[in-house]
Amino acid sequence: MLQKLTTDILVVGGGTGGTAAAIQAARRGANVVLVSEFSWLGGMLTSAGVCAPDGNELMAWQTGIWGEFLRELQLRHPKGLDWGWVSFFNFDPRIGAKIFIDWVTALPNLTWIRDRVPLEVLKTGDRVFGVRFSDMEIRAQIVIDGTELGDLLPLAEISHRWGWELKNEFNEPSAPEHPNPLTQKYPIQLPTWVVLLQDFGDGEIAPEIPPPPNYEESHYADAWQGYKPEEFINYGRLPNNLLMVNWPKSGNDYGEGLERLVQSPTARQEFLQEAYWHSQGFAYFIQTHLDRRYGLANNIFSHNGQTPFAPTTGFALHPYYRESRRIKGLQTVTESDILPVENGTVGRLWPDAIAIGNYDNDHHYPLPFSPISKTLRWGGRITGTPFTIPYGCLIPEAIDGFLACEKNISVSHIANGSTRLQPLVLNIGQAAGMAAALCVEKGCQPRELSGKLLQNALLTDTIAPAGIVPLFNSLPTDGDWLDWQQYYRDRVSSYPKNGYSPVTKTVGANGVCPPNNTETFSGIFCRLGEQHYQLQTRDRLWTVVTLHPDIDRALQTVPHNTQISGRGCFNRAGNWIIIDSISGLRSDTAHA
């Protein structure tokens, strides 16, 4: 018998965006039902195993649920998060999943139903009002699609995109003029089935990893070419000697027959089986060609029979999908919107901005493709120029009762290389959840909701206030942070091209390091170029970096070949020091 439920808001998909949407809507006071395919919550960050996230690393971008998640991770990882070199934030995925589950179960107005996939979307005319699953039908005022591949879009007959757009559609500088072998064989970026290995220790022999059927060693032969073996293996090093393997070059990206992901359930399962075997082959190759000390990590992912072809708990519950179906929305973010404005270091500020991203435009294919880079040097390292996401790209062109909150938002294929990253998707989900709750409060449709009302709700949220205007030198902990956010929100044309508000502060705040994980340092400061620093200590030459705007400003004033001291986090995998404080230095130079 089909069980029937009614709620204010239904979120389908317990991934990164869907989980955040459900939490935010419930915190706002709406009655929410969250239906997930798996027994874990958090998607890319947890169940897909990408527990070394990219983007939004600067402290100015650590706002909203992303910032809240980081702070909670730091509390639950007393030895810190700075272990590998691909990210500043490397964590045990079990702890990440537990954080989301704790937040969800603490909300009495949020009902979490797991182990379900959508089968039918309920519609009347151009309005969605519910979803049917195998054993239940759930009706809601607002339905949010948080699935990994935008699975509600075809079920609801919502206009959407899949694959590349040619240059004549959006006039994107990196878009191809005509179809070519890359666009035809690889319509989306390659997914990766992440595997976690365990470092059993020097001289130890880990349990043998079996090769998959039809294993071909040549697929992986060049995997760590150009890297020392220890550099390769430390790419995604996590606490407790865990190693995240999410490696693009001759690694575990997989892209044969990508169209199968959206053809049928049977075709999708065929693709998933092959992707899993491909990742198993890479794990086998690492063990047999790098060192027998590396074996599959045990007791990590709780499969519970949900992925019958991936029973080993060292493999993620599902692949890391970098791209999905994408709605045709009221607004579409294209490559031009994420690139820096002319003579500037920030992207376009949308009047209805609801989230901030900054990652470079990173695309994964086995054939060459290099979109225009959007990097800059900041804090002693390379990062990405910030950009914003407008509310309109969460809303379908012609369908009511519906919001997107994952990689399924209205973006071009090219721009997806920057908008797909986990921290940004968390805050997109937060915005979708807040918008849905406000629609319930106001009795309106998402397209009727005031963008300014949504922005104010995000900025003033009592638990996780979320930034909407990228300002390098303005932190959520600053007393004037909200004032500057609202000032430029209301004066978009005055938003500075360099992304700095006209304020001057003094060094004194801490950076990302937990107090019990910092060490003192002393050495000779070396200025190799603009925003490129090193520190020669007694026994080692370190790269010097920071995520804090005050310390960034201070480093720009330190003369070359100067003795400095202070405290920071030492990352031996990445050979850098994250400076938390510098003794005896002040920063009195504002950015014009």
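Over which residues does pLDDT stay under 50? The stretch is residues 586–592. For these residues the model has 20 contacts beyond four places in sequence. Where pLDDT is low, the predicted coordinates should not be read in detail.

This is a predicted model. Across the protein, pLDDT averages 94. A score of at least 70 is reached by 95% of the residues.

**The barrel**

Five strands form a closed barrel. Their order is β18-β19-β20-β22-β21, and the pairing is mixed. On average, neighbouring strands of this sheet are turned by 55° against each other, direction ignored.

Strand β19 covers residues 532–536, and strand β20 covers residues 541–545. The two run antiparallel, joined by three bridges. Gln 536 has Leu 541, in β20, as its bridge partner. Strands of a sheet pair through backbone hydrogen bonds, either parallel or antiparallel.

**The cysteines**

How many disulfides does the structure hold? It holds zero. A disulfide needs two cysteine sulfur atoms within 2.5 Å. For Cys 393, the closest cysteine sulfur is in Cys 405, 11 Å away, so the gap is too far for a bond. Seen from Cys 405, the closest cysteine sulfur is in Cys 393, again at 11 Å and too far for a bond.

Are these two residues buried or exposed? Cys 393 is buried, and Cys 405 is buried too. The table sets out their values.

| Residue | Closest cysteine sulfur | Relative accessibility |
|---|---|---|
| Cys 393 | Cys 405, 11 Å | 0% |
| Cys 405 | Cys 393, 11 Å | 0% |

Note on methods
Residues are numbered from 1 along each chain as its sequence is written. This is a predicted model: local features need pLDDT of at least 70, side-chain atom pairs count only at pLDDT 80 or more; totals for chains, interfaces and linings use all residues. Side-chain values use heavy atoms; hydrogens and water are left out. Two strands pair if DSSP finds at least two bridges between them. Helices (H or I, at least four residues) and strands (E, at least two) are DSSP runs, numbered from the N terminus. Axes are lines fitted to C-alpha atoms, for helices over the stretch in contact, and angles run from 0 to 180 degrees between N-to-C directions. pLDDT is the predictor's confidence in each residue, from 0 to 100. Contact means heavy atoms within 4.5 Å. Buried means under 20% relative accessible area, exposed over 50%, partly exposed in between (1.4 Å probe, protein chains only).
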